[in-house]
Amino acid sequence: MSDNFLKVARVSDIPAGQMLRVNVSGKKLLLANDNGTIYALDEMCTHEDYSLFLGCIRDGKIKCSLHGSWFDMSNGEPLEEPADQPIVTYPVKIHGDDILLDPQGRQDIANTNRSA
């Protein structure tokens with residue numbers, strides 16, 4: 001993982017249970033606040049290229065509203081068909097109210113939200 005963390009939003013911009021679309025380094029990403037844990041992931045579902053922003057988040061998972069696939073937001077793995085390809089997730093750091101993410105690094109382990 002690189003040290004290319006960029007400020008992309010503020011924690012106060014995303015109430016619990018909500019999502020925020022951001023464009024970072026030419027990538028359309030989602031930030032999701034699941035009960036205080038901030039996740040960063042690609043916006044589009046890998047099954048039908050449909051915006052996950054239109055879905056819902058719960059218990060560390062995000063649901064695509066088009067066909068009902070669920071993904072683990074910590075590592076992007078699909079949890080329910082019809083999706084069978086993971087979505088890309090990104091490392092997140094929280095520094096005060098700032099949300100920082102590394103747009104080049106794939107998050108392959110649980111999101112830790114460590115302070116910078």
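A: Let's start with Lys7, which is exposed, with a relative accessible area of 52%. Here exposed means over 50% relative accessible area, buried means under 20%, and partly exposed lies in between (1.4 Å probe, protein chains only). Before we go on, please keep in mind that this is a predicted model, where local features need pLDDT of at least 70 and side-chain atom pairs count only at pLDDT 80 or more, while totals for chains, interfaces and linings use all residues. Residues are numbered from 1 along each chain as its sequence is written, and side-chain values use heavy atoms, leaving out hydrogens and water.

Now meet the partner of Lys7. Asp98 forms a salt bridge with Lys7, and the closest N and O atoms are 3.2 Å apart. This pair links distant parts of the chain, with Asp98 in strand S10 and Lys7 in strand S1 (residues 6–10), 91 residues apart. A salt bridge is a side-chain nitrogen of Lys or Arg within 4 Å of a carboxyl oxygen of Asp or Glu. In general, side chains of opposite charge can pair when their charged atoms come close. Strands are DSSP runs of E with at least two residues, numbered from the N terminus.

Let's stay with Asp98 for a moment. Its strand, S10, covers residues 98–101. Asp98 is partly exposed, at a relative accessible area of 23%. Leaving aside neighbours within four places in sequence, Asp98 is in contact with Lys7, Ala9, Arg10 and Lys93, where contact means heavy atoms within 4.5 Å. Asp98 also lies 6.1 Å from Val11, C-alpha to C-alpha, although the two are 87 residues apart in sequence.

Strand S1 has another residue worth a look: Leu6. Leu6 counts as partly exposed, at 36% relative accessibility. Not counting residues up to four places away in sequence, Leu6 touches Val24, Ser25, Ile99, Leu100, Leu101 and Pro103.

Another salt bridge brings together the side chains of Glu43 and Arg21, at 2.9 Å from N to O. Glu43 lies in the loop between strand S4 (37–42) and strand S5 (56–58) and Arg21 in strand S2 (residues 19–24), so this pair ties together parts that are 22 residues apart in sequence. Glu43 is buried, with a relative accessible area of 7%, whereas Arg21 counts as partly exposed at 42%. Finally, salt bridges that share partners join Arg10, Asp13 and Asp97 into one network.

To sum up, Lys7 in strand S1 reaches across to Asp98 in strand S10, while Arg10 belongs to a network with Asp13 and Asp97.

Key: Helix = DSSP H or I, 4+ residues; strand = E, 2+ residues; numbered from the N terminus.
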